[in-house]
Amino acid sequence: MTNAEIAALRLSCHTVLPGHKLLQPAEQFAAMAQWCDANQVTHDTYGEGELVQNFEKKIATLLGKDAALFCITGTMTQVTALRLACAERGSNLVGLHATSHILVHENSNHQVLQHFNSCQLGNAHRPWTVDDLKAFPEKIGALQYELPMREIGGQLPTWEQLDAIKAYCKQENIHLHMDGARLWEAQSFYGRSLHEIADGFDTVYVSFYKGIGGLGGAMLLGTEKMIAKAGLWMRRQGGNVFRRTPYVVAAAMQFDQRIADMPALFQRTQSLYQLLGDYPQLRVNPAQPQANMLHLYLPVTKEQATEIRNDIAKKHGIWLFGNAVHTALPDQSMFEWYVGDQLLQLPDEQLRHALDVLVAALDATKEKSQ
């Protein structure tokens, strides 16, 4: 099936499990227009304007940073921050986890565009610790730490582990950068303010289209000097778009409510773990919830899982998951659940029905394969 056909199949379902409810353009634009009218919003010009600057100041205050810059993509934002950090620290080497977005999803942009060189730290299946950092023999200019780590099910280091990394980086003059694409989802696990979590990071990147549900866009936060340099580099790379207004509006109009919902989403994730315990055919990673997301492992191949998903969508009107992916083991696949407003609002009886249908399909597929 093409991506367009998959999207149409998802839209045809009356029950969708992962993520937030998907608004169609007419609904979303109407809500944006209403919010703009109520708040007397005027357009920015190349990022200059009351709407953009107020939102930047709001996020900077929330995270306890001096300055912030709204950026059009996270991909451009993070490599720019790390490039500038390396220049300041006198080392072109950046420490990354094996599952860093930069390594997994960005087509080697940091190397091809000569931003910096990278080295991998820690175990690919666990968050890395200060001991992994101390064991590395060469001088590192900057480090990226993702909170939480999406590719390993939303795992997070303990507060003590994170605190030790912050202290070591300060001691060794290593620039510590946070990949906070899902930072908002980490707060409930730590039980601390966003300001406390971000404290000790020299720069922070956050996203506005994942858990916040905006149209796109990101923000880089740090010192005024660093943000001024980043603004110049964004222009050099073509990131200084004429209007940021639509992206900022889509994020700002729902930001407070999305943040307020995060504790309930984490509580729902905890209850999901208890419910999933009744389905031994489904293996969960991590073993205990650390954010409002998780990975579910199925005893079938990626191709079989995708076929099951599509068949259930057509026959039952239930959309179980987005993409299934291969795992290290044969005849096994995995998919991700982001616990958003859809799973939050779905009654347990309906969820159990969806899981019963899934498990029956898994059993039938395994029998057919034997």
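Rings of Phe, Tyr and Trp (for Trp, the six-membered ring) are paired if their centres lie within 6.5 Å; planes under 30 degrees apart count as stacked, over 60 as edge-to-face and the rest as tilted. The exercises below concern a predicted model, in which local features need pLDDT of at least 70 and side-chain atom pairs count only at pLDDT 80 or more, while totals for chains, interfaces and linings use all residues. Residues are numbered from 1 along each chain as its sequence is written, and side-chain values use heavy atoms, with hydrogens and water left out.

**Exercise 1. Aromatic rings**

Task: State how many aromatic pairs the structure holds, and classify the pair W128 and Y145.

Solution.
Step 1. The structure holds twelve aromatic pairs.
Step 2. The ring centres of W128 and Y145 are 4.5 Å apart and the planes stand at 45 degrees, so this pair is tilted.
Step 3. The pair links distant parts of the chain, 17 residues apart: W128 is in the loop between strand 4 (117–120) and helix 7 (130–134), and Y145 is in strand 5 (residues 142–146). Helices (H or I, at least four residues) and strands (E, at least two) are DSSP runs, numbered from the N terminus.
Step 4. Buried means under 20% relative accessible area, exposed means over 50%, and partly exposed lies in between (1.4 Å probe, protein chains only). W128, at 0% relative accessibility, is therefore buried. Y145 is also buried, because its relative accessible area is 0%.
Step 5. Elsewhere, F55, F70, W184, F208 and F255 form one aromatic cluster.

**Exercise 2. A charge and a ring**

Task: Identify the ring over which the charged end of R236 sits.

Solution.
Step 1. The criterion requires NZ of Lys or CZ of Arg within 6 Å of the ring centre and within 35 degrees of the ring normal.
Step 2. The ring is that of W233, and the charged end of R236 sits over it, 5.0 Å from the ring centre.

**Exercise 3. Helix packing**

Task: Describe how helix 15 packs with helix 12 and with helix 13.

Solution.
Step 1. Two packed helices are described by the angle between their axes and the distance between the axes. Axes are lines fitted to C-alpha atoms, for helices over the stretch in contact, and angles run from 0 to 180 degrees between N-to-C directions.
Step 2. Helix 12 (residues 245–276) packs with helix 15 (residues 348–369) at an angle of about 50 degrees, their axes being 12 Å apart. For helix 13 (residues 302–316) and helix 15, the axes come within 10 Å and cross at roughly 130 degrees.
Step 3. Angles under 35 degrees count as roughly parallel, over 145 as roughly antiparallel, 65 to 115 as roughly perpendicular and the rest as oblique. Helix 12 and helix 15 are therefore oblique to each other, and helix 13 and helix 15 are therefore oblique as well.
Step 4. A crossing is left-handed if the near helix is turned anticlockwise from the far one by less than a right angle, and right-handed if clockwise. The crossing of helix 12 and helix 15 is right-handed, and that of helix 13 and helix 15 is right-handed too.
Step 5. Contact means heavy atoms within 4.5 Å. R268, L272, L275 and L276 of helix 12 meet D348, L351, R352 and L355 of helix 15. From helix 13, Q304, I308, I312 and H316 meet V357, L358, A361, L362, T365 and S369 of helix 15.

**Exercise 4. Two residues and their contacts**

Task: Locate T203 and R258, and list the contacts of each.

Solution.
Step 1. T203 lies in strand 7 (residues 203–207) and is buried, with a relative accessible area of 1%.
Step 2. Leaving out residues up to four places away in sequence, T203 touches A81, H175, L176, H177, M178, L220, L221, G222 and M226.
Step 3. R258 lies in helix 12 and counts as buried at 13% relative accessibility. With residues up to four places away in sequence not counted, R258 touches H20, G211, I212 and D341.

**Exercise 5. Backbone exceptions**

Task: Describe the peptide bond from L147 to P148 and that from N285 to P286, then give the phi of Q40 and of Q114.

Solution.
Step 1. Most residues other than glycine have a negative phi, and most peptide bonds are trans.
Step 2. The bond from L147 to P148 is cis, with omega near -15 degrees; P148 is in the loop between strand 5 and helix 8 (159–172).
Step 3. The bond from N285 to P286 is cis, with omega near 0 degrees.
Step 4. Q40 has a positive phi, near 50 degrees, and is exposed at 71% relative accessibility.
Step 5. Q114 has a positive phi of about 60 degrees and is exposed at 65% relative accessibility.
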